[in-house]
Amino acid sequence: MAYPSDRTALVVVDATNDFISEGGKAWPGVRDVLAEVGTVATMKRVLDAARAAGIQVLHAPMETQPWDYGPWKHRTPSHDGMFAAQLFRAGTWGAEFHPDFVPAEGEVVATPHKTFNAFHGTDLDTQLRQRDLDHLILCGLTTNTCVDSTGRDAVERGYHVTFVSDAVATFTMEMQQATIEQNWPRYAHRILTGAELVTELG
């Protein structure tokens with residue numbers, strides 16, 4: 001099997017209300033790509049297939065505090081935007097999981113990340129290695145930042161990495177296509193559609 005159930009993990013990145021629920025703070029910026037790609041429905045199919053196949057699911061949310069980013073010495077434009085909007089602020093509806101992606105019993109919620117890479121400053125690597133999971137399937141938001149950064153780091157750490165090309169989204173189709181068509185083929189082990197992955201897991 002390409003994805004042995006005892007060694008494979010589905011990592012769902014930033015499936016929270018601020019991104020993928022109407023009314024979320026970042027939702028207006030990504031809704032067009034979400035709709036064109038069919039991202040949320042595909043993410044849900046992938047999640048359901050992973051659960052049915054007995055694959056460990058890990059959720060990797062972003063969560064912020066009011067003091068994050070503002071006083072940082074080397075802020076990026078993204079940090080400025082997140083600080084101004086108080087995006088993914090802890091304790092708010094926006095930082096909660098979208099109803100379709102609430103963790104089920106036995107699933108892992110990694111320590112929330114503050115930078116784009118879901119490994120940085122979190123226990124994601126520990127949670128994976130302690131379960132002897134080395135095949136990662138990644139989906140979520142956003143294609144060219146958190147999903148991409150997490151996948152790049154995973155490869156450097158020695159994991160086998162699969163991206164699901166229609167279970168991700170970002171702010172423009174140009175960003176989406178450039179990441180999937182130009183970046184990922186350079187380092188991903190596999191790039192599959194949701195339908196292709198579901199077939200393999202079935």
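## Asn117 and its neighbours

Asn117 touches Ser149, Thr150 and Asp153, leaving aside residues up to four places away in sequence. This comes from a predicted model. Asn117 sits in the loop between strand S3 (108-109) and helix H5 (124-130).

Is Asn117 buried or exposed? Its relative accessibility is 15%, so Asn117 counts as buried. The cut-off for buried is under 20%.

Exposed means over 50%.

Which residues does Asp132 touch, not counting those up to four places away in sequence? They are Asp6 and Arg7. Arg7 lies 125 residues from Asp132 along the chain, yet their C-alpha atoms are separated by 6.1 Å.

## The nonpolar core

The largest nonpolar core has 60 residues. Leu10 and Leu128 have the most contacts inside this core.

## The fold as a whole

How many helices and strands does the protein have? There are 8 helices and 6 strands. From the N terminus on, their order is β-α-α-α-β-α-β-α-β-α-β-α-β-α.

Take the contacts in the protein with a separation of 6 or more: residues 24 or more positions apart account for 77% of them. The contact of Asp132 with Arg7 spans 125 residues.

## Size and packing

The protein has 202 residues, and a compact globule with that number would have a radius of gyration near 17 Å. The protein has 16 Å, which agrees with a compact globule. Along the principal axes, the C-alpha atoms fill a box of roughly 50 × 35 × 35 Å. Buried residues make up 50% of the 202 residues.

## Surface and charge

The protein exposes about 9,200 Å². Carbon and sulfur atoms supply 50% of that area.

The protein carries 16 positive and 26 negative charges. How far apart are the mean positions of the two sets? They are 5 Å apart.

Key
Residues are numbered from 1 along each chain as its sequence is written. This is a predicted model: local features need pLDDT of at least 70, side-chain atom pairs count only at pLDDT 80 or more; totals for chains, interfaces and linings use all residues. Side-chain values use heavy atoms; hydrogens and water are left out. Helices (H or I, at least four residues) and strands (E, at least two) are DSSP runs, numbered from the N terminus. The radius of gyration is taken over C-alpha atoms; the globule rule is 2.2 Å times the number of residues to the power 0.38. Buried means under 20% relative accessible area, exposed over 50%, partly exposed in between (1.4 Å probe, protein chains only). Contact means heavy atoms within 4.5 Å. Accessible areas come from the Shrake-Rupley method with a 1.4 Å probe; for residues, only the protein chains shown count as cover. Lys and Arg count as positive and Asp and Glu as negative; His and the chain ends are not counted. The place of a charge is taken as NZ of Lys, CZ of Arg, CG of Asp or CD of Glu. A nonpolar core is a set of buried Ala, Val, Leu, Ile, Met, Phe, Trp, Tyr and Cys residues joined through side-chain atoms within 4.5 Å.
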